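Dear colleague,

I am handing over the structure that we spoke about, and my notes on it follow directly below. Please read them beside the model.

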Amino acid sequence: MNKAEVRHIATNYIFILPAVALFALFWLYPFLKLFQLSVFEWDGILPWNQAVFVKFRHFRDLLRDLSWWQSMRQAGFITLIALTFQNALALALALACDKGIRAARAYRMIYFLPPVLAGIVVGLIWNWIFNPFDYGLLNYWLTRIGLGHLARAWLSEPKTALICVAIIHCWRGFGWGFIILLAGLQSIPRELYEAARIDGANAWESFKRVTIPLMVPVFVIVIILTILGTMQIYDIIIATTQGGPHFHTEVPITRMLAALRGSSRFGYASAMGIVFGLILFVVSIVHIKVSQLVKQE
Amino acid sequence: MENPIYYRVKKIFSSMFLQMFLVGVAATCIFPLLWMFGSSLKTQSTVFSDMSLFPKNPHWENYYIAWTKGEFGVYFFNSVFYTAVTVVCIVIFTSMAAYGISRLRMPGKNIIFYAFLAAMMIPIPGAFVALYAILINLGFINPGTGVDLLDNVIKRLGYILPQINQGLSLGIFMLKTFFDKIPKDLEDSARIDGCGKFGVYWHIALPLAKPAIAVIVIINVLYVWNEYLLAMLILTDKSLMPLQRGLMVFQGAHMTQYPLLMSGITITVIPIILVYLFMQRQIITGITAGMAKG
Amino acid sequence: MRKTLLSIFVVFLIGLSGCASKQASTVESSKKVVVWHWLTDRQDTFLELAKMYKEKTGVDVVFELYAPSDIYSQKVRAAAQTDTLPDIYGILAEKKDFSSFIKAGHVANLTSYMEQNNNEWKDAFFIKALEVNIFESGNEFGVTPGIYGAPLDVMNIQMLYNKSLFKKAGLDPENPPATWEEFLEAGNKLKAAGIRGMVSGWGEIWLIGCFAYDYAFNIMGEDKVIATLRGDVPYTDPDWVTVFRLFEDMRDNNLLASGIVTMVNKVAEQAFANERAAFGFNGSWGVNVYYGMNPNLDYGVMLPPAYSSKYPMRVLGGPGGSFMVNNKSSNREKAIEFLRWFTSKNQQAYLAKETRNLPANKESLSVIPPILSHFADDMDGTYHWNNLPVVEKPQVTEMFSKGIQAIIIGEKTPEEVASEVQALKERL
């Protein structure tokens, strides 16, 4: 490599410099600290020199912590629902709005409202919908249409609580998928559809031949964001079930908060963060790699 | 079956069905907004007892009370300022970094990309304590330069910089995907036209990524506009606080003043919706502009 | 769009400095006393009191509000780590964490100030309010004995009943059930009248645990409760199983409103204020909440009906909040002087009246509404987890309370929960 080439490559780094500098400043230290904390017993208050080194005890405890793995399973369940129903809904709506149906502009506006709403409003509304009493919206309407026997305490029964939380989450989150997918759909050149139509392709075929291949990268983004956003769900749970009944709606972040705020176990919470992050990271990388392979074929 | 009427009927039915579906979903999205608005016009004693969506005697004065009691005047300006600066910086930093990672030769760039990805995935419990320590050590929280004006600039920066950092990962991840799609010959032809690296980035890559940038803007505007935790943690002057501080006044540990809170939230939601409308236009019109250049 | 972005950027770079110049210059920091707190509903009253203090002494007191309490608590911990705590602040934590603050040197020992002039300051408080801030000699945390904070107000958690709904169900609104049998009977009468039993925020595990502890004191007495916390009596003891079984009893006799196990306390308060349930289990702060939502609500306060006559029924009570003085502050003496003034009779009366809370200063009781005096009357018999000589591990408390949720929804038997809690306790 000659000098000019080195300089050429060096100037390339200017592009990433601002981002990397900020990142190093505000993320790297907390990140490294996370690993340090995970092998100490510390309450977050005492001076650091009084923290006790416990080696990998937190990780061993975590392996045997049933409520932790239950929370992982439950977040996984909500994620599966979000990946299928929420994203299918988002895609269907984005396709409809992309196709220039009547009032598409209004729909584009409206479908983004749930993410805009403040968390407290979402909590109040859904607490009212699932309210266990007869004035809860859902129970009220079930009774009105003669299905009163189905009325129940939706958020308090193990069978329904988690599904209800998942529904709230999907409702709140589909707007994100919607705008990202719509942006992706909009960037597909219209000529390609035209060409497909001239080739005699019907709507389904042109969807298969034009839309899907061009949308793969966008699908990857949406899927990863759905996984990350759903696995890290917690504010809806705090506002509705607080993780109950028993441990039926606990998710990893609520367990982390319980360790951190409930019992001031910084080390244990850090171990949870590491294990959780590692799992998510592996899942995401596998997903990216697989979709790259799919694309190449 | 080769009957034109059959197709027409089928088409009408399927579009009716589609519209019904779209309207149904739309109704669930609008209802909470209407409820919020209706509640903002009720009183504390009627908000949960009067079940009508829109009260008979609307208390419009709630908006005035909320605005003054929540001291939204100052906070509003602050929030607009924080949001604009943070989001502009995020867009510039992430588009540059994503472009660099996607198109330029840089040994080690993959590691950097994966580090950014990892940041989205690893929740750092108690990260606030570490962040606070960093900001204290860098002098962002108690600058003490002796000049108020300078102090305030530094304090505001202390609030803005961590938020820019928050937006980096997602932006880089999304934009890299978009930049990966740019055809190589587009870049080459620009180079022949005399564009340097920055010229290609500014004139070719950025316009093409417009829809993605619009999405990033929306996501981050929403995030920064609703940011509250960080403000509480690091800001001490009330005069520097963002809008969400005003909403807090109505939410006591035990007592929540629902109508005023709903008025306040309604006020805070409107600008977000405006930004979204504006960005939506960017998503739709952005494409044609990009195509024309291509 | 790029042009828009750039112009926004430029405009606001100007704004960055332009607006900042409007800031009024702050008072020299050594002269003013800075207070951090999380009590949103009291900020206005605090500011009023600060103004009075300034007029009286010329000392500036700045109340800075950081809420909700979760965030406040994080801020205080972060500030403790960096030695940037204000002159006066509150600690929201279990006793163990409180002791860490003291051991780290962040909290001034107020004992000598409290005991000046024949305990003048100390004796003004409800002892129950002060106790939580006291570390006795030989405490399990190894903290130097002393008083480490001054309470702002007190609270206790009791049972509330709706008098109009009582009448509807044919129950005597002036004589609420006093025994467990009467309680169950009331549940059935309410059911016959189509009225819901009790609402409470039992989705929040501390409130459900609190109810169970009330009955633990009633059934086995304080000594045995403490022995359990020490580990000398297992949770599988028949008395504890009886405590757990009470929840089945209540459920089977229409005393628990459906959905109570995941109910957030604010939802429960809405339901009680709007007369959707005959009983509520809530703290004295609820008086103010109910008043806001339904000023005409006709209700009474009662102790939870006793199950056993062996030991007295006790309810959880203590300070609603306390202020500590930063031991490392250069303003320490000034801060303590202010706190003394702040918690004295007139100021406490003012605070109580304005915020409809129970004052921590017992000399200020005269101004409170009658329903609050019912709460005040039972203050002396209260217990507080942080006052017991041993404190249960939060993980065990969580399992305990969540176990009760499982009992109520019929997923687990009292015996199963008892052995699960005991197993966890032994493992830790």
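**Domains and chain contacts**

Within chain C, 17 residues of domain 1 are in contact with 14 residues of domain 2, where contact means that the C-beta atoms of two residues, placed from the backbone, lie within 7 Å. On the side of domain 1 of chain C that touches domain 2 of chain C, α4 and α16 (370-377) of chain C each supply at least two residues, and α16(C) gives the most, with 4 residues. Helices here are DSSP runs of H or I with at least four residues, and strands are runs of E with at least two, numbered from the N terminus. The residues on that side of domain 1 of chain C divide into 6 nonpolar, 4 polar and 7 charged; Ala, Val, Leu, Ile, Met, Phe, Trp, Tyr, Cys and Pro count as nonpolar, Asp, Glu, Lys and Arg as charged, and the others, Gly among them, as polar.

Please keep in mind that this is a predicted model, in which local features need pLDDT of at least 70 and side-chain atom pairs count only at pLDDT 80 or more, while totals for chains, interfaces and linings use all residues. Residues are numbered from 1 along each chain as its sequence is written, and chains are lettered from A and ligands numbered from 1 in the order in which they are written.

The domain assignment of chain C, with bounds from an automatic or database assignment, gives domain 1 as 30-154 + 319-379 and domain 2 as 156-317 + 389-427. The C-alpha centres of these two domains of chain C lie 30 Å apart.

Turning to chains A and B, 61 residues of chain A are in contact with 65 residues of chain B. Helix α2 (residues 17-37) of chain A gives the most to the side of chain A that touches chain B, with 12 residues, and the residues of that side divide into 50 nonpolar, 9 polar and 2 charged.

As for chain A itself, its secondary structure comes to 14 helices and 2 strands, and its C-alpha atoms fill a box of roughly 80 × 75 × 30 Å, taken along the principal axes.

With best wishes
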